[in-house]
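Trainee: Could you show me how to read strands and aromatic rings in a protein model?

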Amino acid sequence: MAAANRLICYSDPSDHYSHRVRLVLAEKGIGVEVVNVSPCDCPAQLAEINPYSSVPTFVDRDLVLYESGVILEYLEERYPHPALLPAYPVARANTRLLLHRIQKDWAALADIVLDSRTPEAERSASRKVLRESLIGVSPVFAEKPFFMSDEFSLLDCCLLPLLWRLPKLNIELPRQARPLLEYMEQGFGRPAFQVSLSEVERSMR
C-alpha cells in the first residue's frame, strides 16, 4: 500500500466519474498523486483497500473512500475553500437534488451509451433521449453563469466531464442549444478543468 502521508486518487483516465473527482481536486488546488487504473487491469494495491476494486478511489492516510459522490462530499468538507456547495442548508439540499437529477437524467443514459456490452438498439435509444434532454434544458444555461447557480459548484464538476464526452457519445448539439454550447466553452476553458484532463480525455476532442 502507498505511503500513509500521501493523498492518492486511483482514477480511470477515460471515466467521467473519475474525472469529476479530478476536477474537484483541481478546483480546490489539492496536491494528490493520481494513479491511472485500467478497468481491465486492477492493481493489487487497489484490490487490497477497496473490496470492489472500483474507481475512483481516494486515499487520505488511513481513510479509503470509493464512489464518486462520497468522495466529492468528503473533499468539500475536508477542504472547504473554495466552496463548491452553498452555505445554507436549504440551498445545499436543492443542490444535492440537482446532483441526483444529473445522475438519473443524464449520467445514467451516458453510461448505457458508453457501455459496448449494451445492445446497440438500447444504446441508440438512450443516445437520442440524452440528446433531446440536453437540447430541451439548454435555455436554463442562459439564466445564470453556471448550472443553476451564480457560483461554480459541484453541479458543474459533475456535468462538465459528461459534456466533454459528447463526441465520444456521438452526440452533436444543434445551434438552438447555443446557451449550453456557450456554457461548455466557458467551463472547458477553466484552468482547473484543463488541469483535470487526462491524456485520454484530451484525445476525445
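**Reading strands and rings**

Mentor: Strand β1 (residues 7-11) and strand β3 pair in the antiparallel sense, and four bridges join them. This is a predicted model, in which local features need pLDDT of at least 70 and side-chain atom pairs count only at pLDDT 80 or more, while totals for chains, interfaces and linings use all residues. Residues are numbered from 1 along each chain as its sequence is written, and side-chain values use heavy atoms, with hydrogens and water left out.

Trainee: What makes two strands a pair, and which residue of β3 does cysteine 9 stand opposite?

Mentor: Two strands pair if DSSP finds at least two bridges between them, and the strands themselves are DSSP runs (E, at least two residues), just as helices are runs of H or I with at least four residues, both numbered from the N terminus. Here, cysteine 9 stands opposite phenylalanine 58 in β3. Strand β3 is also joined by four bridges to strand β4 (residues 63-66), and these two run antiparallel, with threonine 57 having tyrosine 66 of β4 as its bridge partner. In the hairpin of β3 and β4 there are two residues between the strands, and arginine 61 takes a positive phi near 60°.

Trainee: How many aromatic pairs does a search of the whole structure find?

Mentor: Rings of Phe, Tyr and Trp (its six-membered ring) pair if their centres lie within 6.5 Å, and planes under 30 degrees apart count as stacked, over 60 as edge-to-face and the rest as tilted. The search finds nine pairs, among them the tilted pair of phenylalanine 141 and tyrosine 183, with 4.7 Å from centre to centre and 45° between the planes. This pair links distant parts of the chain, 42 residues apart, with phenylalanine 141 in the loop between α5 (120-137) and α6 (154-164) and tyrosine 183 in helix α7 (residues 178-188). Phenylalanine 141 counts as buried because its relative accessibility is 7%, and tyrosine 183 is buried because its relative accessible area is 4%.

Trainee: Why is the pair of tryptophan 164 and phenylalanine 188 edge-to-face?

Mentor: The ring centres of tryptophan 164 and phenylalanine 188 are 4.9 Å apart and their planes stand at 90°, so the pair is edge-to-face.

Notes:
Buried means under 20% relative accessible area, exposed over 50%, partly exposed in between (1.4 Å probe, protein chains only).
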